[in-house]
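Open the model in your viewer and keep the selection panel at hand.

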Amino acid sequence: MAFRLSNNLVGILNFITFLLSIPILGAGIWLSREGVTECERFLDKPVIVIGVFLMLVSLAGLIGACCRVTWLLWLYLVVMFLLIVLGIVFTIFAFAVTNKGAGEALSGKGYKEYRLGDYSNWLQKRVTSQKNWNKIKSCLADSKVCTDFHDKYLNASASEFYQTHLSSVQSGCCKPSNDCQFMYVGPTNWTRGSAESNNPDCNLWNNNLNTLCFDCQSCKAGFIDNLRSSWKKVAIVNIVFLIFLIIVYSVGCCAFRNNRRDNYYQQQTWKP
């Protein structure tokens with residue numbers, strides 16, 4: 001009964017994981033062949049690696065538990081243990097690097113502004129690399145975040161626009177910094193005034209929809225703030241996933257112990 005309960009449960013869980021790995025692997029292969037943008041091509045290799053990894057690990061657990069292949073189940077448990085350790089490390093790291101930084105509230109404005117120096121050094125280094133930032137800009141362009149922003153607030157008056165609640169990416173990438181004191185004409189159309197500012201983003205702003213403030217420090221800060229929020233959500237989900245992994249690992253240990261016990265009984269039976 002113990003064998004049927006633990007081994008079959010491990011087999012069922014890994015069979016489900018194996019089925020889930022098929023569409024993940026298929027999505028990665030599709031992106032590698034059909035992806036036309038830098039953003040899509042950036043995702044294909046990680047998705048393929050995840051799909052292949054899940055497929056191999058689930059097969060090891062499935063065969064090891066259901067066919068009572070002890071060494072394969074042992075290998076499966078080692079990988080599971082490493083996954084649990086990596087999951088714990090990632091969760092701690094995610095909370096550590098996203099703990100610092102927040103948007104700055106502006107008097108009389110519905111939106112916040114974002115400063116790159118307010119965030120952790122590790123996150124800053126990810127966006128200050130020009131190679132990384134070019135890929136991120138490609139993703140932002142593909143998402144049409146500023147094009148949609150332009151269309152949505154095209155007819156908004158200055159007073160209406162200033163009271164609008166904007167996302168961190170919209171605030172940082174699609175409009176100039178409040179420090180520049182530009183005159184509002186439209187959501188992505190601003191006129192330079194006579195006031196001078198020490199903020200380098202003011203010189204980088206361009207009303208062209210393909211340029212705007214995509215190279216500004218505020219855009220990088222807005223992206224980091226959005227990433228920070230997403231990472232915190234992922235870290236919370238990861239805690240739930242870790243609990244699931246620990247349960248599967250515990251059941252797998254029972255199955256492994258049952259396999260060894262079964263092999264021992266067989267050896268005793270075959271002894272002359």
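**Stop 1: a salt bridge**

Select Glu-104 and Arg-115: they form a salt bridge, with their closest N and O atoms 3.2 Å apart. This is a predicted model, so the distance is computed from predicted coordinates. Now show the secondary structure around the pair. With nitrogen and oxygen required to lie within 4 Å, the count comes to five salt bridges.

**Stop 2: the two domains**

Colour residues 1–100 + 227–270 as domain 1 and residues 104–224 as domain 2. Taken over C-alpha atoms, the centres of domain 1 and domain 2 are 40 Å apart. Next, select the contact, to which domain 1 gives ten residues and domain 2 gives twelve residues.

**Stop 3: the contact between the domains**

The size of an interface is often given as the accessible area lost when the parts come together. Here domain 1 and domain 2 bury about 1,100 Å² between them, and 69% of that is on carbon and sulfur atoms. How many salt bridges are there between domain 1 and domain 2? The count is zero. Residue pairs in polar contact between the two domains number four, with both residues at pLDDT 80 or more.

Show the side of domain 1 that touches domain 2: helix H2 (38–66), helix H3 (70–97) and helix H10 (217–270) each supply at least two of its residues. By type, the residues on this side are six nonpolar, one polar and three charged.

**Stop 4: annotated spans**

The unreviewed UniProt entry lists residues 12–31, 43–65, 71–97 and 234–252 under "transmembrane region". Select residues 71–97: the span is 100% helix and 0% strand, and its end C-alpha atoms lie 39 Å apart. Then select residues 234–252, a span of 100% helix and 0% strand with end C-alpha atoms 26 Å apart.

Notes: Residues are numbered from 1 along each chain as its sequence is written. This is a predicted model: local features need pLDDT of at least 70, side-chain atom pairs count only at pLDDT 80 or more; totals for chains, interfaces and linings use all residues. Side-chain values use heavy atoms; hydrogens and water are left out. Domain bounds come from an automatic or database domain assignment. Contact means heavy atoms within 4.5 Å. Buried area is the accessible area (1.4 Å probe) that two parts lose on being put together, summed over both. A salt bridge is a side-chain nitrogen of Lys or Arg within 4 Å of a carboxyl oxygen of Asp or Glu. A polar contact is a pair of N or O atoms within 3.5 Å; within protein, one must be able to donate a hydrogen and the other to accept it, and residues adjacent in sequence count only if both atoms are side-chain atoms. Helices (H or I, at least four residues) and strands (E, at least two) are DSSP runs, numbered from the N terminus. Ala, Val, Leu, Ile, Met, Phe, Trp, Tyr, Cys and Pro count as nonpolar, Asp, Glu, Lys and Arg as charged, and the others, Gly among them, as polar. UniProt positions are given in the numbering used here, feature names are shortened, and annotations may be inferred rather than shown by experiment.
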